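Hi,

Here is the structure I promised to send over. Have a look first, and my notes follow below.

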Amino acid sequence: MIRRLLLLAPAILLAGCSTSLPGCGSPPDLAGTWSYTGTQTGADPASLSGTMTLGKTGTCTVSGTLSLTVNDGDGSPETTPWTISGDFLDDSIFEFDATQASTDRHHLGTFRADTIAGNWMLSGSTSGSFTIVKTGT
Amino acid sequence: MTTSRRLLLAAALALAVTALAVAARRPHAPDRVAVTTAGARTVRSPRVRHPRTPADAFPAADTTVTVPATTFPAAPRAPRARMSASTFRRDGAAEPHSLQVISVPVPAQFGKKQVSYAVSPSGDADLLSAHSGTLPEAATVAPRATMVVTRVPVGAAAGPLEVARVEFRDDSVTTIVGVELTIARIRRIALRPIRTSNAVYPGQHARLDVVAQNLGNAPDTLRFLIDPLSGWRVEQSGSPVVLNPGEQRELHFDVRTPPPPASGFVPLVLRARADTGAVARLILPVELLPDASGEMRTHGPVVTAGIATSAGDSIGHAPVFGLAIDGPLSDKVALRGKYVGTTDRADYNVYAMGRIGYFLDGSFLTASGRGWSVTGGRTGMGFAPVFGWNAYGLGSSADLARGPWNLGLLAVQEHFGSQTGGIQAGAQVTHALPKGSVALTATHLEETIFSDHTLDAAGLSYQISPRAGLTLGADAGWRVTDATSGPAAALRLDQRTARGQFSLSAEHAAGGSGAFARATDALTFSTWRRLTEGLVLRGYGFGSGDTPGTGSTSKNRGFAVGPSVKLGSRSNVDVNLSTNQSEFSSVTGTITSTERMATLGARTSIRGVNVHGSIGGGQLQRVTDLPAGPTFDRTGGRLLMTASVDGATPYGVFSADGSYEMNDATTGQLPRLGTFTVQASRLRLFSGAHAPTLDASAWINSYAGAPTGGPAVRIGSEVQLPSQFSLMIDVERNPYLHGSGQVPWVAAVRFERSIGLPGIRKPTTQGSVFDDRNGNGLRDAGETGMAGVLVRRGEQSMLTRPDGSFKFFEPAAGNAAPNIDVGSLAIGEIAPTPMAATRNAWALPVTRTSRLLVNVNAAVDSLGRIPATTPAQVTVVVTDSTGAVWIGHPDSAGRAEFDALPAGRYKLTLDFTGSSERLRMKVDAPEIMITAGESLPPVQLPYGFRAVRVFDGGSNGPGGRRR
């Protein structure tokens, strides 16, 4: 049984490797420092704030870090580092994941004049809105 | 003949010989039976104590032997006989107290001639076979042997041991053969504690005293070491100790216990290690009493004032002040609260201060008593999920309980920094039922600072446990939100047995996450079941749909399932198959994320070190559907590997873990992501009363675009200083919060002092433990208090202060009396029952005892008679002034020892009821005075016959004369 499952894992892995990269046009260069603000709705509403640093890793892709403070009003806000990985779907739609351990905050936003605004979601119905504004290069 | 048959034959022979020996040793065995056969006599000898020299050997005791008629009763020595001696050592090892059948070869010089032999035991060995006999003339010159059966002495030392001597003799030659066995080495070490209770306050030293004794039969070289335990420091040299057979030695270990809040019983394991490994083990339980500051709290509230700041970052240099209070103000009111403020809110470093627990906007004060509590400041309350879940804010909350009724109230306002938002209010009335409860909840919750949501909800909740392990719950009510209104309902089921668990939760809340609920509809279940002793199957599933009324919707569903297989006693293999899908739609577009993974994990524990590893592979699909654009469907593979190891040492707990993730670049995830973390917690690099413990960690993340200034490092420590001062320092260098470039070391420092305030409280019980030197149970002048004695009262425990006093503030069931834990007293100290307390003030005496040795011996009277009654048949009776009696039974040498006689006056007498003779003590019953801890000379108690009454028949006057 275990041996079969061991064989199954790479099989699933290999089966998944078939797709094509989206065309992203000519996206702007997001490299630099960004200010992150947002809200969290749902059972545990909270305010989000932080600093995001992005670097360009490809024509359409960026990665970086996010220092995010979640303040749900209980008097002890939590600040944690997140890993950022994202890409442009076209020259204005920017999609990125903020990852910490096994938690992904999935963001989809629109870029306009050094500002990206949109919505984010966590699996399990926690979601909210966000705005990131470029503060430096 | 096979080896096993030979062994069986030897064993049968040994049993037969032993049976004969036992029969011959019966007290009433026939004295002598003789049968004549073929010129020889067969003799069964009387039970006699056999001479130990071969020359005096006599056919005897234990079995039937055949000897020539001419050799009975004793074989005359041949004139001018040649004497020689040799040694025969039997191959193989013999254990002490074992029965050995030894075949002793007849010396070759006797050839095939008739040989007589006499056997005598050596030393303490018992001879169970014949003491003499004759081997007839043999037909050939074949090797001959005689059989010797012996029982090896219990205390035989390891190595060669002569157990018997066999004298072979013919007309002209006498040869004495010493019969030797090689005694096997028996290794046995006994460890026992001197005190059975070792109690100490956390962070203080404890001295553990142990006696080690060598009960084996050879000298042993040992090292005595206490197993390392995280947070504990043991001063032990580990130097080898040589113990001779029977020798015992006291060992002392100084143990530094971990600082508060450690508490409870902790078993320390002491091992005696020889060159072959551990040969003995002793568990030494150490009780960590509630910490001394906790004891301080029992007098009144403790106020802690502190100041903190951070350095190294661009902000956070302004001082931050903290003030906390915790403890009972009086017998009816306790306070708990905290205030944190700063001189410059704009210069407050939320992350740095968060690391040392100084959060702004978290100030509160709670007053509580029996059945009530009220909180002002930052407070919150949790409601049923469909009625509002969690609500927090600035305001007040209260909880009141009376009989089966409970009332919870909340009235707060949203408050973040300088922003003030909506009102959040709620009330919940609960009535306890025999097997459950019913509650009525009403809430009005507003959220206006970051988004605009309002919820008004009311409903009933019901929970019941119809039987052990089964809990059912339900909520039903109505919700009104900004966008919609509708029913609120929830069902919960939880069933637990020894073989598994099943939980199911279903919820419906109109308005969903747009109005303080988790989702509009949600279904969750989890289960595990033990199919066999080594196989557990786990499962988890969820599904939800959310329409929060904000224009966005979301759907989530997924499940995970997998077996966990136990391999041996310490290892497990876990398999996990999972899939989950999230779909989120908003004006920006629709994202659907699907992940399917298969993971294989293994975990084991080796000598206290836990090791875990897993590898998983799967597929990640991300579909993004833009409203006015194309649909992006990106699918790719994913591989995830993790490994971790952790273990405790005397210096702290260490762990390391790492993970490596590979994703198909088309999924938008990082193609490669590696993380590695090492961590050490509760490091104790120094010893001493105020030695700090350190926590340290370092981690590095590796991926394209990662900050270049890695790794991140964090070191923190809290030092308890004298006079209730404490210093906490936490330093971190974290490129993952600051990005690439220069990464600063950011230090957060907190300095506090705690002050115990006098409370308006009276102890429920108090008293002192004193050294009762005269043993009268009363505290007389000059009898001092005893410090560090463990006193218990119900579930409360404390050590007496330097003056011997103690105070218990909490009530105890039945107003239980305090008592001394005698396990905490030294050997020779006892705790007699105290006199009744006066006004609940107890004086608990501890009396040091003395050892008394009494020598009992039979004395010859004037007629030269000596009693047949041995000292072991006499009982020594020691009676104190209150009539309490101690009984002692002398050993065969007449020694009776009384190990622990309290101080007082005693009378010593002998009891002869075990004897049929008319006996009396030959001295007047002595009286002795024992002073606490004093050593006394042995007391001699001779006994003899009572005087014989002789009547002369009245020849010397009426009534006769008695003498």
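Let me start with the salt bridges: four of them are counted between chain B and chain A. One salt bridge joins Glu95(A) to Arg622(B), where the closest N and O atoms are 4.0 Å apart. Please keep in mind that this is a predicted model.

Polar contacts also cross between the two chains: 10 residue pairs, with both partners at pLDDT 80 or more. On the side of chain B that touches chain A, strand S40 (residues 631–649) gives the most, with eight residues. By class, that side of chain B has 27 nonpolar, 25 polar and 12 charged residues.

As for the extent of the interface, 64 residues of chain B are in contact with 65 residues of chain A. About 5,100 Å² is buried between the two chains, and carbon and sulfur atoms give 66% of that area. Within chain B, the residues that lose the most area to chain A are Phe584(B), Thr588(B) and Arg634(B), which together make up 10% of what that side buries.

Now to the aromatic rings. Over all chains, the structure holds 10 aromatic pairs. Tyr540(B) and Phe542(B) form a tilted one, at 5.9 Å centre to centre and with 40° between the planes. Tyr540(B) counts as partly exposed because its relative accessibility is 38%, and Phe542(B) counts as partly exposed at 24%. In chain A, one aromatic cluster is formed by Tyr36(A), Phe88(A), Phe94(A), Phe96(A) and Phe130(A).

Best wishes

Definitions and conventions:
Residues are numbered from 1 along each chain as its sequence is written. Chains are lettered from A and ligands numbered from 1 in the order in which they are written. This is a predicted model: local features need pLDDT of at least 70, side-chain atom pairs count only at pLDDT 80 or more; totals for chains, interfaces and linings use all residues. Side-chain values use heavy atoms; hydrogens and water are left out. Contact means heavy atoms within 4.5 Å. Buried area is the accessible area (1.4 Å probe) that two parts lose on being put together, summed over both. A salt bridge is a side-chain nitrogen of Lys or Arg within 4 Å of a carboxyl oxygen of Asp or Glu. A polar contact is a pair of N or O atoms within 3.5 Å; within protein, one must be able to donate a hydrogen and the other to accept it, and residues adjacent in sequence count only if both atoms are side-chain atoms. Helices (H or I, at least four residues) and strands (E, at least two) are DSSP runs, numbered from the N terminus. Ala, Val, Leu, Ile, Met, Phe, Trp, Tyr, Cys and Pro count as nonpolar, Asp, Glu, Lys and Arg as charged, and the others, Gly among them, as polar. Rings of Phe, Tyr and Trp (its six-membered ring) pair if their centres lie within 6.5 Å; planes under 30 degrees apart count as stacked, over 60 as edge-to-face and the rest as tilted. Buried means under 20% relative accessible area, exposed over 50%, partly exposed in between (1.4 Å probe, protein chains only).
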